[in-house]
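Here are some notes for a first look at this model. Please read them with the structure open beside you.

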Amino acid sequence: MAKSNRRRKQDRAKRQARDSQKQAATQRRQEWEQELEDRADRVRRLVDPDTPAAELVDLLNESHGGEPVLGFEVNRLKGFGWSTERLTTVADAMLAAESDGEREPSLTALTFASEVARATGDVARTRELLDQALEAPAASDRLTRWHLINLLRFSGRQEEAITLLEASLLDEPCEPYPIELYAIAISELHQHVNGQQPADGCSCGSGAAWEQCCGPRERAALSRFTDRSGLTELSDAVSSFLVGSDYGRAIDNLVSSYQEAARDLKLEPDELGSFGALIAEHALLTIEPPEDDQEQDEVRAPLEAFAADPSVPAELAARAQAWQSHFHYGLWKIDFDSEPPGLWCTDICTGDLRYANFPAQFTDGWPRWSVWFGGIVPVDGIWRATGTGLRLSPAEADAAAEFIEKAVIDVAQSLTGKKRRARRPDDPMPFGEAEPYGVLVEQQDPMSLAVGFVTGMTIGQLLWRIFVEVHAYRRVRPPAGTAQYGEGWEKLWIDLPVPVLNGRTPRQAALGKHRPRLEALLRQFEYEADLLAAQGQPGIDTGWLRQELDMPVMSPDD
Ligand SMILES: [Zn+2]
């Protein structure tokens, strides 16, 4: 039977759609191949010793489009066999080509020439060109500026890089790139200041001794990181502001009511104290304004009221505002291998990464894989742990993370109208059963800002629940390793089915998809072994387990 007209038309339309899809795909592939070919050609011409200098100038300008060169690029050209003479000729030609007109030289030309000067050891010229680049109008673009600051770092000007980064982080404390640059620069400076200074004078090339030249400024930049007086000053001022005020009374009442509610736990005095501090700190951000202020249009939390008070000095008001906007509650997994003076920490709920100042007396002697449950806050652009919170074991942190995630999903569903309102979570924290958040977070990108914000807010609301549940759990389950593990325990365990590994033995789990859970268990053993070692007791031999299971300690870069 012949096909109907309608059917024939439909078939033709389908065929045409298919054909045009194919054509588009072919075209995309061709464009992509062309792009690759062009790039390869540019590299060939860059490497070719016969390419004339004028053409190299064009090539470099084309590939950078006025943006700064990156710190490694000149070295890479040297690796391709560019001689110092060739680099210098091209750098001079780039600057000359652009300086003859009315235009300022581009950042590409300035930074290329500055990097070439650095490669030839001309410190003064490097400095002069880089300064010129930093003052150029194009350097006000934030990303461009961060690239230039990175070049400062490459030429040994860490102190200046840090000063500029502090200014940048003061405005945008959560930006990952300056956070990373700052962490690198401050640890390089830490190493430099604490290392041997060259006998032939300061490394800036001034000829003067380091102590009389860059030394004092470098020491000052370094001590700004460890100096917690800005935070103390703010806390003290906020405390005096609250004393005797309605806000102060409201916070005190809140703290007592929570402490009263946790009475059955029979918390130790220091535990009760830190519980109260945690509640009070959260109240600074959230508590309702006193009755008689309700007529005001703006509803202000205590910190906002403090910042808005005309008697508060501008500097303190700005700090309070940064606290209010950026205070970051999290389950902070601390990387004790971080380059000093700070510690890298990752919020296992959101994947957010910060390089923060933790007071030394605070984290000294902490076991491996400790997780800090509490807030960190930017003070004048530098992230600091406030010191209020609770140290969790990796397993406790995983349970808290899963508990928080469930609550966040609930909040998200109520925000999007899928549920009428968010409920207080009924289920207890899933101790010993949670997903291995601390391990998985290393393989994931940070969450979106919006989800991160909701998560932070939710953690704030769950502070008391988590604190209470963790302590209740600790009452019934003393730190492992004291009684249940005998000598050689791990040699049996490795071949026994483990419920949390879905009934697989550790040996089986090491080869399959339960490896992250096994890694989380090993970390928990290591945490407990460190706690026991501090009391002079042996813990589980995780060194043997890791070797036998072929599971070396993962570094975050793996
Ligand atoms: Zn100097």
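1. Which residues of H11 are buried? They are Leu231, Leu234, Val238, Phe241 and Leu242. These residues cover an arc of only 95° around the axis, so they sit on the same side of H11. Keep in mind throughout that this is a predicted model.

2. The face directed away from the buried side carries exposed residues. They are Ser229, Thr232, Asp236, Ser239 and Ser240.

3. The length of H11 can be checked. Helix H11 runs over residues 229-242, which is 14 residues. At 1.5 Å a residue it should span 20 Å, and its end C-alpha atoms are 20 Å apart, so the two agree. Glycine 244 follows H11 and has a positive phi, near 75°.

4. Step back to the whole chain. It has 23 helices and 5 strands. The C-alpha trace spans about 95 × 80 × 65 Å along its principal axes. Of the 558 residues, 34% are buried. Take the contacts with a separation of 6 or more: 64% of them join residues 24 or more positions apart.

5. The chain is divided into four stretches: domain 1 (53-155), domain 2 (227-326), domain 3 (327-477) and domain 4 (483-548). How far apart do the C-alpha centres of domain 1 and domain 4 lie? The distance is 54 Å.

6. The largest nonpolar core has 105 residues. Those touching the most other members are Ala113, Leu165, Tyr182, Leu331, Ala400, Ala401 and Ile404. Helix H17 (residues 394-415) gives the most to this core, with 9 residues. Another core lies apart from it, with 11 residues, among them Val439, Leu521, Phe525 and Ala529.

7. Look at alanine 113 on its own. Leaving out residues up to four places away in sequence, alanine 113 touches Ala91, Met94, Leu95 and Leu129.

8. The bond from proline 340 to proline 341 is cis, with omega near 15°. Where does proline 341 lie? It is in the loop between strand E1 (328-335) and strand E2 (343-347).

9. Lysine 266 is not a glycine, yet its phi is positive, about 50°. This lysine 266 is found in the loop between H12 and H13. Is lysine 266 buried or exposed? It has 10 C-beta neighbours inside 10 Å, so it counts as exposed. The cut-off for exposed is 12 or fewer.

10. Aspartate 550 also belongs on the list. Its phi is near 55°, a positive value in a residue other than glycine. Aspartate 550 lies in the segment after helix H23 (542-548). With 9 other C-beta atoms within 10 Å, aspartate 550 is exposed.

How values were computed: Residues are numbered from 1 along each chain as its sequence is written. This is a predicted model: local features need pLDDT of at least 70, side-chain atom pairs count only at pLDDT 80 or more; totals for chains, interfaces and linings use all residues. Helices (H or I, at least four residues) and strands (E, at least two) are DSSP runs, numbered from the N terminus. A residue is buried if 20 or more other C-beta atoms lie within 10 Å of its own, exposed if 12 or fewer, and partly exposed in between; C-beta atoms are placed from the backbone. Two residues are in contact if their C-beta atoms, placed from the backbone, lie within 7 Å. A nonpolar core is a set of buried Ala, Val, Leu, Ile, Met, Phe, Trp, Tyr and Cys residues joined through C-beta atoms within 7 Å. The expected span of a helix is 1.5 Å times one less than its number of residues. The arc is that of the directions from the helix axis to the C-beta atoms. Domain bounds come from an automatic or database domain assignment.
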